[in-house]
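Hello,

Here is the structure I promised to pass on. Please have a look, and then read my notes below.

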Amino acid sequence: MSGLGAALNTALRALQANQIGLTVVSNNIANVNTPGYSRQRVLMQESPGIGDSIRVGTGVEVIGTEALRDQIVERRLWNETSAKAGSDMTQQSLSDIEGLFNEAGNTGLLPLISNFYNSFQHLSTNPTSPELRQQVVSTAQSLTHYINTRANDLRDMKTATDHAIQDDVARANVLINQIADISQRIQEVEIQTPANDLRDQRTLLIKKLSEIMTVREMDTNGTYQLTTGNNRPLVVAGAAVPLKIGTTSDGMTMVMSGTTDVTSEITGGTLAARVAFRDQSIPQYQQQLDQIAYDMANQVNQVHAVSYDPDGNTGVNFFTPIASTEGAALSLQLNSAIAADPRKIAAADQASGDGNEAAIALGNLVNAANPPRGTVIEQYRSLVFQIGSETASARTNSEEHASMLTQLENLRSSISGVSINEETTNIIQFQRAFQASARIISIVDELLQTTLAMGTGA
Amino acid sequence: MRIADDSGYRNLLLDIQRIAERMQASQTQISSGKKLTKPSDDPSAAADIVNVDSERATSAQYLDNAGTAISRLQIADNALDGVQQVIDRIRTLALMAQNGTSSPSLSVEEISGLRDQLLSYANTEFEGQYMFAGSNTDSAAFEKASNGTITYSGNSDEVRLQVGKASTLQSQIPGDQVFSGSVDIFQTLTDLMAAMSSGSTSAIQTQVTKLEQFSQNVSSTRTKLGGLMNGATAAQNELTQADLTLVAHLSKLQDADLAQALSEFTQSQNALQAATAVGARVGSISILDYLK
């Protein structure tokens, strides 16, 4: 049966449905600038028709709201976020090392190396001059001080990076706990209705976590799982599995999943970048600086120890002997006996102590290779080249990831982002439908009044 | 593709940042005058600069050494010039004595004085170093004993200085090659004075012959000094020339091309203006403007 009452009901439902539509639009507009927000739309469907011979529809009903989100795009976005955060961190860290070995503006290690070897050549012009001997001592001390300081800087960087790794793990664990909580709530809410807002929040939290490391999400058949890039659990069925921190035998921080050391398998994000910086980059530059200090000390000592000072003494090392390459840059020191008495510098190659041949030979070491390695200067040259090219490629890398991230964020926006123009159009749509339904109600009201008036004989 | 409101702002921000970075880079070039302010600006140029800087610093020392060598050789040459004049005078006195045209006692007295003058030439000092003492430069080259005998107390080292990666240059001539070499001039003078006192013309003649031989030795030593000075000057010229080449190379490696930097700066400035102008209009066209 279809009558005026049915028309009224249908109109009422339409009013309600379009009102909900307007509310959803309003929510979208309100969240136009909210990070992580996915636009929603109201889901309407027609109500089942009634009547036997003449079947008439009963209007519209709202079956829910839907968030427009492409989980594949979200996941790609997380991965790219990891890559970007990691490359930014690498670039920043390498720039710090680059600053240590910046030769621009005539400061840096190179002038000190040159001055040091030149001071021997200068001494050769007057081997007994106390001033020239003092000059050798001073240039040697400036050089050792500089190398010690740079070695210290590298060591401090390593320690600072190690602390930052601990901070990263702590921050990751806070996020992991929050993600577990939200996943729990999503499960509870979604027994009834899609938890759009909670999912947005979780997506945003995972994006934040992705800045620290790459994660993987599996969300199938109601079981939710978040793991590291290498499948170590972080959230399992609504329960957090926080990462742990351990200490390696050489006192460095290691990241652990349960009792397994996962430090080296973490990929992406600031955490992996910091681990690589601590375990690969810094040791590599430490090693190069150590090698320079070691070769220099050995070369100079070898010549100096067989040469003679003006008093005919021999067998004295110029630098305190260094046993092994490791830590050489930290321990490089001028022999304290020479520092205390520059007359002990051996400038002569004959037992009488007369002559300048040893001073010349020491000065010429600036051009002497350390087979299979090159001269000290050549070694330093390749260090500068390496830090320069690594920093440059890290910068390019970071710029590329910035572009790719922007592209993906735009892709996400094209799916989930709010467009004011679109929402405004929706407003008009819902508004007109609301107005039309209201019009129907008023027409039905008129018709009913007319019908009622028929009985009064007016 | 569906365009959401935030895409426009996101792109704009990225672009403006990029342009600002480029602008800053050219600005740094202009203000510092260098296109390379850190190794990552151009790693291989930075590495080359290490080489060039080191080579220049070492060469500067070589240049210094060559200068020192020239000064020393010059000092030695001046001393030998004095020596020759003294010898000439002694020879004149000896010849006069031979001819009997002078008073032997007066001549002997003068020669004795001239012998001391020769000693002081032989002990010429430069910057606190005895120039004719071999490498034993901090004590006098010749010492006069109480009985008047003068002996060489230096050594026979020919001191050399480094003036190039693989080249050294002799900067001193040991006194035993000049004053007490094939002719020991101090002994000769002692003998001459004895001969003059005794009045033996043949004995005087023996010593005059030695004097002439000594004079020739000094002459050839001065020729050698001249050769060494030429060598040092050539080394100096070579080093100076090489340094000019290195400076030019260095400039190519690190100096900014100001014209290019300025044009890049202007370019990015224009781009920034355009981007910000467009940015101000992002989102300014809206359907809302057409609804009442």
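How many residues of chain B are in contact with chain A? Taking contact as heavy atoms within 4.5 Å, 51 residues of chain B meet 54 residues of chain A.

A word on the basis: this is a predicted model, where local features need pLDDT of at least 70 and side-chain atom pairs count only at pLDDT 80 or more, while totals for chains, interfaces and linings use all residues. Residues are numbered from 1 along each chain as its sequence is written, chains are lettered from A in the order in which they are written, and side-chain values use heavy atoms, without hydrogens and water.

The two chains bury about 4300 Å² between them, 51% of it on carbon and sulfur atoms (buried area is the accessible area, 1.4 Å probe, that two parts lose on being put together, summed over both). Between them there are 4 salt bridges (a side-chain nitrogen of Lys or Arg within 4 Å of a carboxyl oxygen of Asp or Glu). One of these links B:Asp48 to A:Arg381, with the closest N and O atoms 3.0 Å apart.

On the side of chain B that touches chain A, helix H1 (5-32), helix H2 (43-99) and strand S5 (160-164) each supply at least two residues; helices (H or I, at least four residues) and strands (E, at least two) are DSSP runs, numbered from the N terminus. H2(B) gives the most, with 16 residues.

Chain A also has an open antiparallel sheet of 3 strands, in the order S7-S8-S9; strands pair if DSSP finds at least two bridges between them. Strands S7 (244-247) and S9 (260-261) of chain A each have a single partner strand, so one side of each lacks a neighbour in the sheet.

Best wishes
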